[in-house]
Amino acid sequence: MHGKRSRCSFSRLEVILIVCLVLMIALTVVLLVLHFLIKNNNDSNNRAEPAKYLVGVGRADCTGPVAQVPLMGYANPDQVGGGLLSRLYSRAFIVADLKNSRRVVFVSADIGMVSQRVRLEVLKQLQSRYGQLYRQDNVILSGTHTHSGPGGYFQYTLFWITSKGLVRPALSSIVNGIVKSIGIAHENMKRGRLFINRGTVENSQINRSPFSYLANPQSERNRYSSNTDKEMVVLKMVDEDGSELGLISWFAVHPVSMNNSNHLVNSDNVGYASYLFEQEKNRGMLPGEGSFVAAFASSNLGDVSPNTRGPFCANTGESCDNPQSTCPVGGAAMCMAKGPGNDMFESTRIIGQNIYLKAKELYEKASQEVTGPLSSAHQWVNMSNVSVELNATHTVKTCKPALGHSFAAGTIDGVGAFNFTQGAVEGDPFWDQIRDQLLGEPSNETKACHKPKPILFSTGEMTWPHPWHPDIVDVQIVAIGSLAILAVPGEFTTMSGRRLREAVKSEFDSHGTPKMNVVIAGLCNVYTHYITTYEEYQVQRYEAASTIYGPHTLSAYIQLYRGLAKAIALNATQELPPGPEPPLFNVTSLTLLPLLSAENAPANKNFGDVLEEVRQEYREREVAEVTFVGANPRNSAENATEHNFLTVERYSSISNSWHTVLNDASWDTRFYWSKGSQGQSNVTIEWHIPAGTEPGLYRFRYFGHYKKRPFPFLKTITVPFEGSSSAFQITAP
């Protein structure tokens with residue numbers, strides 16, 4: 001019996017196994033406890049992470065008149081508005097310091113460029129509403145550079161020529177839209193945080209003046225992998241709870257996917273990117289509605305085209321990628337850039353979607369937080385007379401504004417007229433003689449200052465009825481912690497932008513503010529055409545011929561912006577001299593637009609009646625279309641606000657009612673206006689039905705205003721009206 005083992009005893013192996021099991025359980029418990037402690041701590045930190053700033057975002061319509069007003073960008077007098085593809089918006093972002101009254105404003109508006117007139121009127125309204133809270137030093141106004149928005153909002157004579165003067169409804173719509181967007185952002189300020197990210201956008205741009213770019217030193221070009229800036233910078237904004245507020249993206253590409261044959265007002269490729277982002281974030285909202293605001297702002301886009309298939313001769317199909325951008329038959333007028341789509345609408349979608357997708361990726365991965373104080377530095381400068389120290393022994397000066405012969409040649413994105421070509425370094429006796437007779441010969445001083453540019457228009461010496469070009473120009477930098485936004489008054493080329501960014505970053509570095517993220521915001525505050533490098537200027541393609549202050553324009557801007565950066569780095573912005581204030585000309589009523597007069601409907605018809613009805617049934621990828629008895633859309637722009645020209649409505653059998661699913665800001669709808677005779681006009685509405693459209697019963701509605709003269713010799717009055725199509729069915733594919 002003594003050989004029997006006790007029931008409570010264990011072998012050595014069993015003891016070892018039990019001990020190992022206990023240790024494993026204990027270790028697992030410890031690891032789980034640590035995991036939950038760390039997770040809770042991280043979650044607590046994320047929730048409790050203090051907000052760094054007050055942040056506000058806002059968006060407002062700034063579309064203006066969509067008919068009869070020349071579109072701004074291509075300088076083509078035949079390109080006037082004839083309808084609407086998408087609405088134009090001003091998108092405003094305010095960042096304020098939690099500890100003091102410092103704040104900065106960045107506005108990106110869907111317009112060709114910000115004019116000095118717009119800038120001055122916006123600042124005047126802001127001062128009236130908010131006192132000295134929003135000023136010329138801390139408010140940046142930037143245009144996206146769409147070439148499909150109404151013109152007529154300038155006070156300098158050159159821009160009146162193709163815009164038919166100053167068009168007050170266009171100017172007022174832009175000014176009021178910008179001010180309203182800032183007001184919405186001001187009212188919605190909340191504690192928040194900012195994050196920055198950057199990445200590369202592929203297959204969305206080419207350099208449209210590669211022969212100019214090649215004039216830059218090879219040692220400089222070797223530092224870069226491309227002759228365009230492919231980098232996108234995204235600034236993400238969230239509130240202190242992590243809820244999304246908005247974003248600003250800066251990327252260099254011309255919004256000229258819609259070419260100069262287009263007559264529909266729209267915001268082009270970058271506007272489509274904004275549309276996609278805002279529709280995604282503002283789920284269930286119509287375009288233009290919802291609190292999330294996404295701006296795709298311009299940068300150093302001067303020589304950057306979205307027409308990625310490059311220049312081809314329109315008459316033969318052969319490449320015209322040569323220094324003069326000319327074709328064997330037809331010359332420069334036949335050389336036009338294409339792509340990437342089969343037409344301008346498809347190209348707009350492709351480029352816009354590329355930009356949107358990269359911004360979405362960068363936005364979602366943005367983790368580098370922007371922190372630090374807010375600063376702003378601003379000066380007005382007479383750019384016609386800036387002394388530039390190139391080195392210790394050599395000083396040069398800028399010139400009075402002038403445009404060269406190649407300015408009239410246009411670009412491969414929008415060709416000019418007559419026999420002008422890019423790359424002209426000598427004048428044309430025929431055109432020079434006409435210029436001398438009509439406008440006066442440029443002075444010898446101006447000719448010498450601008451060499452090798454042959455001057456076509458000496459705009460700095462032309463003053464009737466008002467100056468043709470600005471002398472007084474804004475230079476401005478706004479710093480949000482480690483982010484410096486350079487507000488530049490024109491279109492910097494790729495290499496010009498690189499040199500400016502590097503110079504400003506070096507200035508910050510040398511004065512104790514390292515690792516600044518420096519971005520260029522283009523077409524800000526006042527428009528001064530292009531800014532090329534000195535080397536590109538010698539080639540005198542379109543961009544150089546349009547560098548209006550002469551060959552040392554870029555050097556002057558680099559010197560000025562270095563001064564602003566130094567003042568910010570040393571906290572000495574108050575010591576900057578403000579400079580000479582720009583003029584505000586009294587040109588509020590000078591326009592060549594046709595007057596709005598009384599209108600008529602056809603016999604036995606009323607405004608809003610259907611002339612050509614919809615089909616009873618459509619499938620996705622087809623185009624639903626209806627034509628109404630219409631009226632001039634200018635009536636609506638001049639007499640109504642927050643106005644939609646069209647809606648697409650879907651019938652709900654549950655509520656037994658119609659619900660709006662699309663409006664005139666939707667990219668799949670198109671609104672065409674056609675002027676007839678005897679005061680009559682038609683409106684055609686199209687819906688390009690996309691794949692995935694929900695089957696059901698739909699209809700169009702049209703909203704307009706017509707002019708009526710109630711009694712002879714009395715003033716006309718504006719009368720609202722509306723119309724509706726028959727219902728039509730969209731069937732499943």
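Two strands pair if DSSP finds at least two bridges between them. Keep that rule at hand for the exercises below, which explore a predicted model.

**Exercise 1. Work out how strand S36 (residues 696–708) is paired and how many of its residues are buried.**

Solution. 
- Step 1: Start with strand S32 (residues 646–652). S32 and S36 are joined by five bridges in the antiparallel sense, and Arg701 in S36 is the bridge partner of Thr647.
- Step 2: Move on to strand S37 (residues 717–724). Eight bridges hold it to S36, again antiparallel; here Lys708 is found opposite Ile717 of S37.
- Step 3: Look at strand S38 (residues 728–731). It runs antiparallel to S36, with three bridges between them, and Leu697 has Gln729 in S38 as its bridge partner.
- Step 4: Check the cover. Of the 13 residues in S36, 11 are buried, so the strand is mostly covered.

**Exercise 2. Describe helix H8 (residues 344–365), its start and its packing.**

Solution. 
- Step 1: Compare the span with the expected one. The 22 residues of H8 reach 32 Å from the first C-alpha to the last, close to the 32 Å expected at 1.5 Å a residue.
- Step 2: Look at the start of H8. There, a side-chain oxygen of Asp343 comes to within 3.1 Å of the backbone nitrogen of Phe345.
- Step 3: Pick out buried residues. Among them are Met344, Phe345, Ile351, Ile355, Tyr356, Leu362 and Tyr363.
- Step 4: See what they pack against. The buried residues of H8 meet helix H7 (268–281) and several strands, including S8 (190–200), S10 (231–239) and S34 (669–675).

**Exercise 3. Find two aromatic pairs that link separate elements, and classify each one.**

Solution. 
- Step 1: Begin with the whole structure, where a search finds 34 aromatic pairs.
- Step 2: Take Phe277 and Tyr356. Their ring centres are 5.8 Å apart with 90° between the planes, and the pair is edge-to-face because that angle is over 60 degrees.
- Step 3: Phe277 belongs to helix H7 and Tyr356 to helix H8, 79 residues apart, so distant parts of the chain are linked. Both Phe277 and Tyr356 are buried.
- Step 4: Take Phe492 and Tyr557. The distance is 5.8 Å centre to centre with 50° between the planes, making the pair tilted.
- Step 5: Phe492 is in strand S26 (residues 491–492) and Tyr557 in helix H14, so parts 65 residues apart in sequence are tied together. Phe492 counts as buried because its relative accessibility is 0%, and Tyr557 is buried with a relative accessible area of 0%.

**Exercise 4. Decide whether Ser148 is buried or exposed, and find its side-chain polar partner.**

Solution. 
- Step 1: Locate Ser148 in the loop between strands S6 (139–143) and S7 (149–150).
- Step 2: Apply the cut-off. Buried means under 20% relative accessible area; Ser148 has 0% relative accessibility, so this residue counts as buried.
- Step 3: Name the partner. The side chains of Ser148 and Asn262 are joined by a polar contact of 3.1 Å.

Methods: Residues are numbered from 1 along each chain as its sequence is written. This is a predicted model: local features need pLDDT of at least 70, side-chain atom pairs count only at pLDDT 80 or more; totals for chains, interfaces and linings use all residues. Side-chain values use heavy atoms; hydrogens and water are left out. Helices (H or I, at least four residues) and strands (E, at least two) are DSSP runs, numbered from the N terminus. Buried means under 20% relative accessible area, exposed over 50%, partly exposed in between (1.4 Å probe, protein chains only). A polar contact is a pair of N or O atoms within 3.5 Å; within protein, one must be able to donate a hydrogen and the other to accept it, and residues adjacent in sequence count only if both atoms are side-chain atoms. The expected span of a helix is 1.5 Å times one less than its number of residues. Contact means heavy atoms within 4.5 Å. Rings of Phe, Tyr and Trp (its six-membered ring) pair if their centres lie within 6.5 Å; planes under 30 degrees apart count as stacked, over 60 as edge-to-face and the rest as tilted.
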